[in-house]
2 protein chains.
Amino acid sequence: MKNKKLPTIKEIAKQLNISVSTVSRALHDHPSIGLRTKSRVQELAKELGYEPNQTAIFFKQRRTFTIGVVLPYLIEDFFAGAISGIEEVVNASKYNVLIGQSNDDVEREKAIITAMKNQRVDGIIVSLSKHTKNLDHFTALERYDLPVVFFDRVPASNTYNKVAFDMPHGTHQAISFLMEKGHRRIGIINGPKEMKSSKERTDTYMQVLQKKRLKIDLSLVAYCDLTKEGTSLAMETLLALKHPPTAILAINDYVALDAIQYAKSKNLINNKDIFFVSYANLPISKYLENPPMASIEQYPKKQGEKAAEILLSMITHEGPDPLEPQNILIPGELVVHIR
Amino acid sequence: MKNKKLPTIKEIAKQLNISVSTVSRALHDHPSIGLRTKSRVQELAKELGYEPNQTAIFFKQRRTFTIGVVLPYLIEDFFAGAISGIEEVVNASKYNVLIGQSNDDVEREKAIITAMKNQRVDGIIVSLSKHTKNLDHFTALERYDLPVVFFDRVPASNTYNKVAFDMPHGTHQAISFLMEKGHRRIGIINGPKEMKSSKERTDTYMQVLQKKRLKIDLSLVAYCDLTKEGTSLAMETLLALKHPPTAILAINDYVALDAIQYAKSKNLINNKDIFFVSYANLPISKYLENPPMASIEQYPKKQGEKAAEILLSMITHEGPDPLEPQNILIPGELVVHIR
DNA sequence: AAAAAACAAACAAACGTTTGCGCTGAATTA
DNA sequence: TAATTCAGCGCAAACGTTTGTTTGTTTTTT
C-alpha cells in the first residue's frame, strides 16, 4: 500500500487550514509564529513523515550544499585518503560530496567540471589530470562565482587557491638523506613535464646539489608518464648513462616499485646495487621484502581537510572582495624503511 | 567584470521578444518550432553562454540524475574499484554519483540514507556497514519508490536486489587448489563470526572436505577481527595445534600478509614451510617477493557495474509491478602467484 | 471561395519552498 | 476613549524550467 504522493508543506497547510508560509515558518521555528500553531504543525509534520524536498530548496536558495571533487583516480590510496578528509570536514557543515574521476583525461575533466557547474555545486575541489595544461575550464568558473580549490596536483599560477605537498621541503629531506648515505650521483624519475611537481622536484634537486658544490648533471633527470612502460623507459635511459646513478628519487611509490622490478630484470638488486627513495609512503610498503629505502609521507587526509576548509570559508564568505588566494604547503615526512 | 546574473531561458525570450516556452522548445529541438526561430534561439543561447539550471530541472522533473553510493570505506581498494565501475556505468547514462562513507557506523549509515533520500537521488547503491543488522532504514525507502541495490556486504533477506561475490564457488576453487597441491590439513582465518561471509566460507570448506571423504576438524577454523593483532592471535592458535595446518585460507590479502609476517617471525618461510591462499588479489601482490601462493580476484569493478546496471534498469522501469529482486553472484577467479 | 488541416508560437499552470510585506485583532499606552 | 503597538498569521511573488492547451496564421483541400 504505497503512499505515492509525498507529504509537502502544502499538504500540511491544507490539513490544518492555515497558510503554507505559516507552516514553513513554524517548521523553522520562526519567532512570529505562535507556540500553539508551531506545535500543531510540527506534530502533523512528524505524523505524516514530512521531509523537506531538498531539490526545491536547492532551487529556491540557489545553493545545493554540495561540493564537487574532481580527481584522477579514486583507487589511488592518496586520493581516497584525501576524499576522506574532505568528506569529514564538509559533512560537519552539512555539505555533501559529488565525485568525478577524470581518469587523467583532460576532456573528461572538462566534462565533469561543466556538469558540476550546471548542477550548481557550491564549490569544487580539484586535483588536476596529469596532462592538464590549459586552465580555461577553470577560469571560466569565475564568471559563476564558483569557488575552486586545487590540491596535490595544483596549477603553477598562484591566482588560485591551492593546497599541496611541500615539495622543496620533502625533496630536500630525501636528497639529503641519500647524500648522507654517501650517494653522489642521484637520479630522478619525474612525472610528465606538465606536472608542476616535476619542475619543483628538479629545482630543489639542483639547489641542494649547488649548495653542496656538486656539479649538476641534467641527464640524471628523467621523465615518465607514470605507467609501467614509461617507468621502464626512464630507467633504461638512466641506467644507460656513462655514469649511471647509484640512487634514484622516484615521483611515487608505484613508480618506484615498477623501477625496482625493472632493475631486478637487469640483475640489479634493490637496496644493494641501487637504491630508491620515493613519495607517498604507501601502507603496503610494510609488507614488502624489498621496499624503497625510504618514502615521504604526504598526508593525503590532511591535504583534503585543508582544501575543504578553505573551500568552505570561501563559500561562506560574503562580500564583493574575494579572499586572497591561499597557497598552503603541507610538509611531508621522510619515513625510512631500510637503514 | 563579472556577469553576476547567469543567462536564463527568460532572458533569451526577452531579448528575442518571444515566449519562454518557445525558447525552451527551441532549445530542445521541438518539432512545433519554426526553423528560423530555432536557430535564432540557439545562436543567442550560445552567444550568452546559456547553460540550463539543473537544479530547476531536477526540481521540475522530480528526478536528479544522481545516484547515491553508501559504503564503509572508500580507501579500501575493493570499494574504490567498485565505485569506478558504478561511475562508469551511470555516467554513460548521464547520471552522477553522490558518495557517503559509513565508516562502518550504523548511525552514520542511517544519516546518509536520509540525506540522500531528501536530496531526491534517483536510486541508492549500498554496501552495508559491518554491524548493520536492522534494515528498517532501507525498507523505509520503499515508501518513496526509491530503488536500492546492495553489493558485496549484502543483507541475508532476498527481498532485496543484491550483487555479491560468489563465495561458495570461490572457496571451492581455493580449497581444491590447495588439495591438488597435496595439502590435507587446511586452516582458515575468517573475519568476525558476525560476518555472513565467515559462515559461507566455513560451510563451503566443510562441504568440500566431506565430498573428499576427509574428516573435518573445526579447530582448523579460526576467526579474527581483521587487525594485525587479531591475525597474530589466530595464527598462534592455528600453529599451536597438535597437527597444525600446512596451508591457510585467509579472508583477504591484508590478513594473509599479516599472517605471513607472523609466520616469518616464527621462522616459518612462506611458500615453503607454510602456504597461503586469500581473497581480493590486491594489485600490490605483483610487487611482493613472497606473496600468498594464490588469491581470489573478486572483480570489484564488475560488482559495481552490475549493481549500477540493475539500479538503472529499476530507475528506468515504468509501471506498477516492481521488477523481481535480483540476486547476482559474481564468480571470482583464483589467481596463482606461486606455482 | 469557403472550410479544413497544418503549422508556429503564446499562454498559463505547475513543481515546493522561502520571504518581504500587509493585514487583523487584541493588548498596551497616553 | 482613542491612538499606538505588536503578536500572529496570510498573501503573493519569486526561483527556472517543462508541458498541456489555446490562439492565430498560413497552407491545403474540396
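The surface near DNA strand D is made of eight nonpolar, 13 polar and six charged residues, where Ala, Val, Leu, Ile, Met, Phe, Trp, Tyr, Cys and Pro count as nonpolar, Asp, Glu, Lys and Arg as charged, and the others, Gly among them, as polar. The model is predicted: local features need pLDDT of at least 70, side-chain atom pairs count only at pLDDT 80 or more, and totals for chains, interfaces and linings use all residues. Residues are numbered from 1 along each chain as its sequence is written, chains are lettered from A and ligands numbered from 1 in the order in which they are written, and side-chain values use heavy atoms, with hydrogens and water left out.

Around DNA strand D there are 27 residues, of which A:Thr22, A:Gly34, A:Thr37, A:Arg62 and B:Tyr50 come nearest; a residue is near a strand if one of its heavy atoms lies within 4 Å of it. Of the atoms of DNA strand D within 4 Å of the protein, 56% belong to sugar or phosphate and the rest to bases. Several polar contacts can be located here, a polar contact being a pair of N or O atoms within 3.5 Å; within protein, one must be able to donate a hydrogen and the other to accept it, and residues adjacent in sequence count only if both atoms are side-chain atoms. A side-chain N or O atom of A:Ser21 is 2.9 Å from a base nitrogen of DNA strand D. The largest share, four residues, comes from α4(B).

DNA strand C has 28 residues around it, and A:Tyr50, B:Thr22, B:Gly34, B:Thr37 and B:Arg62 come nearest. Its surroundings divide into nine nonpolar, 13 polar and six charged residues. Sugar or phosphate accounts for 56% of the atoms of DNA strand C within 4 Å of the protein, and bases for the rest. The side chain of B:Arg25 has an N or O atom 3.1 Å from a base nitrogen of DNA strand C. Backbone atoms take part as well: a backbone N or O atom of B:Gly34 lies 2.4 Å from a phosphate oxygen of DNA strand C, and a polar backbone atom of A:Asn53 is 3.3 Å from a phosphate oxygen of DNA strand C.

Two packed helices are described by the angle between their axes and the distance between the axes. In chain A, the axes of α1(A) and helix α3 (residues 35–48) come within 10 Å and cross at roughly 120°; axes are lines fitted to C-alpha atoms, for helices over the stretch in contact, and angles run from 0 to 180 degrees between N-to-C directions. That makes α1(A) oblique to α3(A), since angles under 35 degrees count as roughly parallel, over 145 as roughly antiparallel, 65 to 115 as roughly perpendicular and the rest as oblique. The crossing of α1(A) and α3(A) is right-handed; a crossing is left-handed if the near helix is turned anticlockwise from the far one by less than a right angle, and right-handed if clockwise.

In chain B, helix α5 (residues 77–92) and helix α12 (residues 300–316) have axes that come within 7 Å and cross at roughly 40°. α5(B) is therefore oblique to α12(B), and their crossing is right-handed. By class, this contact (heavy atoms within 4.5 Å) has eight nonpolar, four polar and four charged residues.

Notes. Helix = DSSP H or I, 4+ residues; strand = E, 2+ residues; numbered from the N terminus.
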